[in-house]
Amino acid sequence: MKKKFLISFAVVLVIVIAVLWLFWGADTWNVQISGVTGDGRNIQYRIETVRTGTADTLIFRNEDAGFAPPYFKFNSADLQALASRITQECPQEPVTLHGYGMRISFLDMFPNVISIDAPARCIDAPSKEGPAVIQGE
């Protein structure tokens, strides 16, 4: 009897973990970044996006996960700067956001961004030379 209970408990536990991973596990989204908000201290970093090819909006939080496994994220300020640069340099360019979590409106839950994949021209800093300046004008 005890052995059947342990096996049943293990099966139920595996099913619960699998369902939780499907809902809150890692995922990717193809989006266009439309804006960024937050200062990382008083106001949580947010990345505002539009799903590629649609008018559907999706908001992501961007906060450090710290030592919480399996993500160990410590670079939210760097990601926020990257998202801001993409917004300025390539607002219409589709990018891929990697993250975890899901959007539940009534619980005020947002997926958390882990990394951003974008074309190199959107990520690279502008040239030091800048536009040519004509002397005397």
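Analyst: A salt bridge here is a side-chain nitrogen of Lys or Arg within 4 Å of a carboxyl oxygen of Asp or Glu. By this rule, the count comes to two salt bridges.

The model is predicted, so local features need pLDDT of at least 70 and side-chain atom pairs count only at pLDDT 80 or more, while totals for chains, interfaces and linings use all residues. Residues are numbered from 1 along each chain as its sequence is written, and side-chain values use heavy atoms, with hydrogens and water left out.

Arg61 belongs to strand β3 (residues 57-61); helices (H or I, at least four residues) and strands (E, at least two) are DSSP runs, numbered from the N terminus. Burial is judged by relative accessible area: under 20% is buried, over 50% exposed, and in between partly exposed (1.4 Å probe, protein chains only). Arg61, with a relative accessible area of 17%, is therefore buried, whereas Glu63, with 31%, is partly exposed. Contact means heavy atoms within 4.5 Å. Leaving aside its neighbours within four places in sequence, Arg61 is in contact with Gln44, Tyr45, Arg46, Tyr100, Phe110, Pro111, Asn112 and Val113.

The loop between β1 and β2 contains Gly38, which is partly exposed at 38% relative accessibility. Beyond its neighbours within four places in sequence, Gly38 has contacts with Ile43, Gln44 and Tyr45. The C-alpha atoms of Gly38 and Asn62 are 9.4 Å apart, although the two residues are separated by 24 residues along the chain.

The other salt bridge is formed by Arg121 and Glu93, whose closest N and O atoms are 2.4 Å apart. Because Arg121 lies in helix α3 and Glu93 in the loop between α2 and β4, the pair ties together parts that are 28 residues apart in sequence. Arg121 itself is exposed, at 55% relative accessibility.

The buried residues of α2 are Ser76, Leu79, Gln80, Leu82, Ala83, Ile86 and Thr87. Viewed down the helix axis, these residues fall within an arc of 160 degrees, so they line one face of α2; the arc is that of the directions from the axis to the C-beta atoms. Their cover includes β1 (26-37), β2 (46-51), β4 (95-100), β5 (112-117) and α3 (120-123). On the face of α2 turned away from the buried side are the exposed residues Asp78 and Gln88.

The wider fold provides the remaining context. The protein has three helices and five strands, which follow the pattern α-β-β-β-α-β-β-α along the sequence. Of its 137 residues, 28% are buried. Among contacts with a separation of 6 or more, 54% are between residues 24 or more positions apart. In the loop between β4 and β5, Asp108 has a positive phi of about 55 degrees although it is not a glycine.
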